[in-house]
Amino acid sequence: MLYLLAGSLFLLIVRPYEHFQFLADIHIERFYLIFVLLYFAVYPRKKIKMDSLVVLFGMYWAALWICSIFGIDFSNSYDAVYTYTTESVVFVMMIFTLYDEKSYIKIIKVMVFVTALYVFLSFREFMGGRFQYTMGMSRMIGFDITYGQSNSFSSTLALSYPMLWVLFKTDFISKKVRYLLYGYVPLSLFCLFQTGSRSGLVQCFVFFFLVFGKSKRKFMYIFIAGVLIFGVWNIVPQTMHDRYYSLIDPSVAPNAKSAQESAEGRVLGFKQGIKVWQEHPLLGVGPNNLIFTWPPG
C-alpha cells in the first residue's frame with residue numbers, strides 16, 4: 001500500500017499530466033486513483049479509526065461542501081472543492097494505513113523525495129528558459145500548472161522543510177539518504193530565491209527561527225544556514241535582491257508600482273473577506289465566490 005500511496009503523491013505533487021499532453025488525454029490520474037481506492041477497499045491491514053484528526057477533517061470537508069452548495073455560485077465553487085476532495089482521498093487512505101513511527105517516516109521520506117524530484121524538474125525547466133515574467137522580472141515557476149505559479153511553488157518549497165527536518169532528526173534513514181537530503185537544501189533555497197516570492201521567503205525564515213530557536217545547537221545551525229543563504233544570495237541576480245529588499249523599502253522593487261498594488265490588493269482582499277464573513281457568518285458565500293461580493297467597478 002505504501003508504494004501505491006507513493007505513486008499517488010507523485011501524481012499530486014509532480015503532476016506530469018499537466019506537463020505532457022498525452023498523459024492528460026488518457027486521464028492517468030483518475031484511473032490511478034480509482035485503482036488505488038479499489039486496492040484500499042480490499043487491503044487487509046487498514047484500520048478504520050475515528051480519532052480527533054479524522055473527525056476534524058470530516059467536519060471540515062462537510063462544511064466545505066455545504067458552503068459550496070448554499071453559496072452564491074455552486075458551479076464556480078465546484079472545481080475547487082472537487083479538486084480538494086480528490087486530493088484529500090489520498091490523505092484519508094494514509095491515515096487508515098499508517099500505524100507507527102516507522103511507517104510515518106517512510107511516507108515522509110517519499111514526500112520529500114517526490115518534492116525533490118519536482119524541484120529538480122522545475123529547476124531544469126527554468127534553466128531551459130521556462131519562467132514567469134511578473135513584477136518586472138523573470139520568476140521561477142513549478143513544473144506543473146495548478147500549483148506552479150511562483151508564490152505557490154515557493155510555498156511548496158517552504159512546506160517541505162518541516163518534513164526535511166523530521167528526517168534529519170530520525171535514526172530511520174541511512175547515511176546515503178541523509179547526504180542526498182543535504183543536497184536538496186541548497187537546490188531548494190536557490191529555487192526559492194528565484195521565485196521572487198516574498199511570502200515564501202518569510203515562511204522559510206519563520207520556520208528556521210522556530211526550529212533553531214529551540215535547538216541545543218542553534219548557533220551551529222544558524223551558522224550553516226547563514227553560509228547556505230549567503231552563497232545562494234550571491235548567485236541570484238540583482239533584481240531578486242531588490243525584490244526581497246522591498247520587504248523593508250517598497251520603492252526598490254523592480255516594479256515598485258506593481259509590487260505596491262499587489263501588497264495593497266492582499267490587504268483589501270482580507271478586509272473584504274472580513275466584511276463578507278460578517279454579512280454571511282453561518283454559510284459564507286462559497287469557495288471562489290468572493291469575487292462576486294466586490295462592488296461593481
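What percentage of the 297 residues in the protein chain is made up of buried residues? The share is 38%, in a model that is predicted.

**Figure 1. Overall fold of the protein chain in the predicted model.** The chain contains twelve helices and two strands. Followed along the sequence, these elements are arranged in the pattern α-α-α-α-α-α-β-β-α-α-α-α-α-α. The C-alpha trace spans about 60 × 55 × 45 Å along its principal axes. The radius of gyration is 21 Å, which agrees with the value near 19 Å that a compact globule of 297 residues would have. Among contacts with a separation of 6 or more, 71% are between residues 24 or more positions apart.

**Figure 2. The largest pocket and its lining.** This pocket has a volume of about 750 Å³. Its lining consists of 21 residues, and those nearest the centre are Leu-12, Ile-13, Glu-87, Met-111 and Leu-159. Two or more lining residues are contributed by each of the helices α1 (2-13), α5 (74-97), α6 (101-127) and α7 (150-169). By residue class, the lining comprises 13 nonpolar, six polar and two charged residues.

**Figure 3. Helix α5 and the elements that pack against its buried residues.** Helix α5 has 24 residues, and the distance from its first C-alpha to its last is 33 Å, close to the 34 Å expected at 1.5 Å a residue. The buried residues of α5 include Ser-77, Val-81, Thr-85 and Ser-88. An α-helix has 3.6 residues a turn, so residues three or four places apart point the same way. Also buried in α5 are Glu-87 and Val-90, together with Met-93, Met-94, Ile-95, Phe-96 and Thr-97. The partners of the buried residues of α5 are α1, α3 (28-42), α4 (52-69) and α6.

**Figure 4. Phe-208 in helix α9.** Helix α9 covers residues 198-214, and Phe-208 lies within that helix. Phe-208 counts as buried because its relative accessibility is 14%, the cut-off for this class being under 20%. Arg-198 is ten residues away from Phe-208 along the chain, and the C-alpha atoms of the two residues are separated by 15 Å.

Terms used. Residues numbered from 1 in each chain as written. Predicted model: local features only at pLDDT ≥ 70, side-chain atom pairs only at ≥ 80, totals over all residues. Heavy atoms only, no water. 1 Å grid on protein atoms, 1.4 Å probe; cavity = no way out; pocket = protein on both sides within 12 Å on 5 of 7 lines; lining within 4 Å. Points joined across faces, edges and corners; volume = space filled by probe spheres on them. Helix = DSSP H or I, 4+ residues; strand = E, 2+ residues; numbered from the N terminus. Nonpolar A, V, L, I, M, F, W, Y, C, P; charged D, E, K, R; others polar. Expected span 1.5 Å × (residues − 1). Buried < 20%, exposed > 50% of the residue type's maximum accessible area, 1.4 Å probe, protein only. Contact = heavy atoms within 4.5 Å. Rg over C-alpha atoms; globule rule 2.2 N^0.38 Å.
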